[in-house]
Amino acid sequence: MNSSYPLIFLILAAVVVVFGFGVVLQSRRKKPTPVIKAAPKKVVAPEPVVEAAPVVEVVVEKKRSFKNVLAGAVSSVLGRGEINDTSWDDLEEALLRADVGVKVAQALLEPLRARVKAKEISTPAELITALQNDMASRLVGTNRELNFDTSIDGPNIWLMVGVNGAGKTTSLGKISAQQVALGRKVLMAAGDTFRAAAGEQLQTWAERSGAEIIRGAEGSDPSSVIFDAVQAANARKFDLVLADTAGRLQNNTNLMEELRKVRRVAEKGAGTVTETLLVIDATTGQNGLSQARLFADATQVTGVVLTKLDGSSKGGIVFAIETELGIPVKLVGLGETMEDLVAFNPTEFVEALCSTT
Ligand SMILES: Nc1nc2c(ncn2[C@@H]2O[C@H](COP(=O)(O)OP(=O)(O)OP(=O)(O)O)[C@@H](O)[C@H]2O)c(=O)[nH]1
Ligand SMILES: [Mg+2]
């Protein structure tokens, strides 16, 4: 019995050893494989992706395109601790330089002086805000829609009139592109028969914008070209006739008479003139006002297209045209390409005029 002790002891020891190995192996097996975590990557800011965002870009671009012609005066006024005589001089001079006109400049500043006197306005910042609001309120609320009458039988006729080189043909081309994009069938009438090149220029715009065109012989009667175009448009169910005319000086009575005739004859057939757009080059400033007066007398102008505002520091003419003549500025030209004609937005315009950035 005694001799079997060491044997049992040995067997037990062997069992313990084997069991121990087993446990160790098992526990090793269960140990999760260590996950080698990658060292956290240093976050590198991605290169800015220059994405084409045409709509936003264009709007910003346009905003900048109005010259901030009042910026100098606004900065000077804001730079002083109080409103004093120099503040008023600065503002008046800047408004006149921007071609707002004497009447409108006074009509803007007088009530503000009274409000400062009454202590309603006490700081330069309040004065600038009030001026900006007053300027905007003179322009907002006006109907600037291009008048397209769907209730008439024949085509709508829109006439472009204005002095030489104002931008009539270019604006007509741009308007055509916009109207075609709206789904309207557009026929151009090359009523500038004065120069052969005028017809060519319009033809290019017709092709570019997806419109058709009726041209007459050089030197032919512009009224008859436009009349023919209206007849053709009516027969072929076009929605809109866009009629170009030759540039003329407002004080040339014969040519102004010709324009009256164009308007009369245009309506002899089936169409109706629903817009007569006077195209004014903004860089001509106050001179545009006398143009507007005489053209309005001759042709019942219904709206102004103010071109070249991209390069003009005389955009203030908008106030003079609207306040003194009551003709709405409907579109503004901000460059020479097809997209550079936009609906006039008064709030944006006033903000840009006064912007100091
Ligand atoms: N910068 C700029 N140029 C413009 C704008 N509108 C027209 N122009 C340019 O002004 C010039 C005259 O434009 P036209 O459209 O030929 O002017 P028009 O009134 O038809 O001229 P006439 O037919 O000769 O009386 C062209 O070089 C146009 O590209 C504008 O909004 N901005
Ligand atoms: Mg022209």
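Colleague: Why does Lys119 count as exposed?

Modeller: Happy to start there, and keep in mind that this is a predicted model. Lys119 has 7 C-beta neighbours inside 10 Å. A residue is exposed if that count is 12 or fewer, so Lys119 counts as exposed. Lys119 sits in the loop between H5 and H6, and its phi is near 60 degrees, a positive value in a residue other than glycine.

Colleague: And what makes Asp99 buried?

Modeller: The cut-off for buried is 20 or more other C-beta atoms within 10 Å. Asp99 has 26 of them, so Asp99 is buried. Asp99 lies in the loop between helix H4 (85-97) and H5, and has a positive phi of about 70 degrees although it is not a glycine.

Colleague: How do H5 and H6 pack?

Modeller: Helix H5 (residues 102-117) and helix H6 (residues 124-139) have axes 10 Å apart, at an angle of about 140 degrees. Their crossing is right-handed. On the H5 side the contact is made by Leu108, Leu112, Arg115 and Val116, and on the H6 side by Leu127, Ala130, Leu131, Asp134 and Met135.

Colleague: What classes do the residues of that contact divide into?

Modeller: Seven are nonpolar, two are charged and none is polar. Arg115 of H5 and Asp134 of H6 take part in the contact, and both Asp and Arg count as charged.

Colleague: Which residues have the most contacts inside the largest nonpolar core?

Modeller: Met188, Ala189, Val241 and Ala243 do, in a core of 89 residues. Helix H9 (residues 222-235) gives the most to this core, with six residues. Not counting residues up to four places away in sequence, Ala243 touches Ile157, Trp158, Leu159, Met160, Ala189, Gly191, Ile226, Ala229 and Ala266. In soluble globular proteins, nonpolar side chains tend to be buried together.

Colleague: Which residues come nearest to ligand 1?

Modeller: Gly167, Thr169, Thr170, Gly247 and Gly333 come nearest, out of 21 residues around ligand 1. The shell has eleven polar, six charged and four nonpolar residues. Helix H7 (residues 168-181) gives the most to the shell, with three residues.

Colleague: And how many helices and strands does the chain have?

Modeller: The chain has 13 helices and eight strands. Of its 357 residues, 39% are buried. Among contacts with a separation of 6 or more, 77% join residues 24 or more positions apart.

How values were computed
Residues numbered from 1 in each chain as written. Chains lettered and ligands numbered in written order. Predicted model: local features only at pLDDT ≥ 70, side-chain atom pairs only at ≥ 80, totals over all residues. Axes fitted to C-alpha atoms, helices over the stretch in contact; angles between N-to-C directions. Helix = DSSP H or I, 4+ residues; strand = E, 2+ residues; numbered from the N terminus. Left-handed = near helix turned anticlockwise from the far one by under 90°. Contact = placed C-beta atoms within 7 Å. Core = buried A, V, L, I, M, F, W, Y, C linked by C-beta atoms within 7 Å. Near = placed C-beta within 6 Å.
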